[in-house]
Amino acid sequence: MDQSDENWWRHGIFYQIYPRSLQDTNDDGVGDLAGIIQRLPYLKDLGADAIWLSPIYPSPMADFGYDISDYTAIDPLFGTMADFDALLAAAHDNGLKLILDLVPNHTSEQHPWFLESRSSRDNPRRDWYIWRDPRPGGGEPNNWLSEFGGSAWSYDEATGQYYYHAFLAQQPDLNWRNREVREAIYDVMRFWLAKGVDGFRVDVIWHLIKDAEFRDNPPNPYHVAGRPSHETILTRYSTDQPEVHEVIAEMRRVTDAFGARVLIGEIYLPLHRLMAYYGNDLKGAQMPFNFALLSTLWSARSVEKIIEDYEKALPQGAWPNWVLGNHDRPRVASRVGREQARVAAMLLLTLRGTPTLYYGDEIGMHQVAIAPEAVRDPFEKNVPGIGVGRDGCRTPMQWDSTRYAGFSSVPPWLPLADDFMRENVVNLQSDETSILNLYKALIRLRKECKPLAIGSYVPIAAEGDLLLYRREAQGQSVVVALNLGAEPVAVTAGAIGSGSEILLSTFLDRKGEKLEGTLDLRGNEGAIIAPPH
Ligand code: GLC
């Protein structure tokens, strides 16, 4: 990647690291910054251009770092500020951009700001958080629910008011209607940007502003039995308020002042609401995360509809992006199945827009079953037994077949997958047709091939298990044919002209094969085809 390119984030491959689980170097069973430095050559070899780190700041770890007690320091669990500086320098030396997780919606209850805020009603920082009187007659100020179970309001005996927390009670929400709060977080951003950080992934950005009147949320008519109880109400008044876009535009001005940096927004909203996060004149987030693939039904028609709806909804000039996995959702290899994980990889890396990979997906890591006594995730602890736990997608990276998979020399903080002896980087690297080598080949091809990197997306067909599309740029094109089922499919569409050539099959065994007007896809196979010369 051309490092001076101010559109680097459009052309790059992003890779999310969950720092607790990449590599431990100090024998405490938890990953650290020195471990990330150690693994940079692997990431470079894979073809990543930018790495995003989940939070590494001081934290009581009630939500594993998403509860921050100091925004401008490093938690000793992960290392020191000197380690961070070394990581940033090493990443840049390797041509990798570094993106930090910014968590502006809430702090830890241990953050000095909150300790002050809760100390008395007239503390100057009282208004930095969201304090409300009990409703007349007593009880929570309104019906808003915490995403991690129970009411979103906790009562503070000492001062006789409730504070609001969209997540855990240990994660009080900041009051983004307060100007000082905004400036304090913008200063945090400047602190890291001045060090040379290349941008932020902004945690729950659509939550920042709440209804000024704190109206009750309406019931959710579509609530599905067995889903978490917070879904029994809609979040009409607690999230996605119009004023949030002012805030995001302000954040963007902060990052833009430092040159070519990127603002990525974590947003779980329907498409028509999501698009607003690009901002007026595209002055909001450059990449409002597109999570549509995380919850889609895995069928050609559903996936094609998602792509088409998304492409159509994008504002003029807005750049798309795609995500297959993250630290909050079940692993893609378990969602779509082991065989289809390769097809999913080809989809992710041949769609128009920046792809974000989740660590371990490139070696086909699956969701690990966690025994009740091993559960660490507070979501699972608060709302047990209905499958919301996130530990299973956060297990240690599988590097090799040694005792703790090369992740650590001691038992890791979460159990390893039981197949790590076979499914690990060392083994897969030496297997020419492994999923890891597929990821590398896809990334390489995407970089070499203009249509894949920047071309337009042209749908051709979505019939049965077959998803077929073309990417076109500067008079060049390629066709992508994905078989989302286990049965063979013969593709005879005009798109496969006689003399077409296979550039890459998900099985990595058909490169250079010439086609005579038909492409016979095996079950669970995807292929990228070049037209006849
Ligand atoms: C985001 C994070 C998630 C965290 C939550 C609260 O959704 O991705 O891991 O628990 O915010 O901070």
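Me: Over the ring of which residue does the charged end of R39 sit?
Reply: The model here is predicted. In this model the charged end of R39 lies 3.7 Å from the centre of a ring. The residue that carries this ring is W399.

Me: How far from the ring centre of W128 does R125 lie?
Reply: R125 is placed over the face of W128. Its distance from the ring centre is 4.4 Å.

Me: How are the rings of Y358 and Y359 arranged as a pair?
Reply: The structure contains 29 aromatic pairs. For Y358 and Y359, the ring centres are 4.8 Å apart and the planes stand at 70°. Planes over 60 degrees apart count as edge-to-face. The pair of Y358 and Y359 is therefore edge-to-face.

Me: Is Y359 buried or exposed?
Reply: A residue counts as buried under 20% relative accessible area. Y359 has 0% relative accessibility, so Y359 is buried.

Me: How many disulfides does the structure hold?
Reply: A disulfide is a covalent bond between the sulfur atoms of two cysteines. To count here, two such sulfur atoms must lie within 2.5 Å. The number of disulfides in the structure is zero.

Me: Is C449 buried or exposed?
Reply: The cut-off for buried is under 20% relative accessible area. C449 has a relative accessibility of 11%, so C449 is buried.

Terms used
Residues numbered from 1 in each chain as written. Predicted model: local features only at pLDDT ≥ 70, side-chain atom pairs only at ≥ 80, totals over all residues. Heavy atoms only, no water. Buried < 20%, exposed > 50% of the residue type's maximum accessible area, 1.4 Å probe, protein only. Phe/Tyr/Trp six-rings, centres within 6.5 Å; stacked < 30°, edge-to-face > 60°. Lys NZ or Arg CZ within 6 Å of the ring centre and 35° of its normal.
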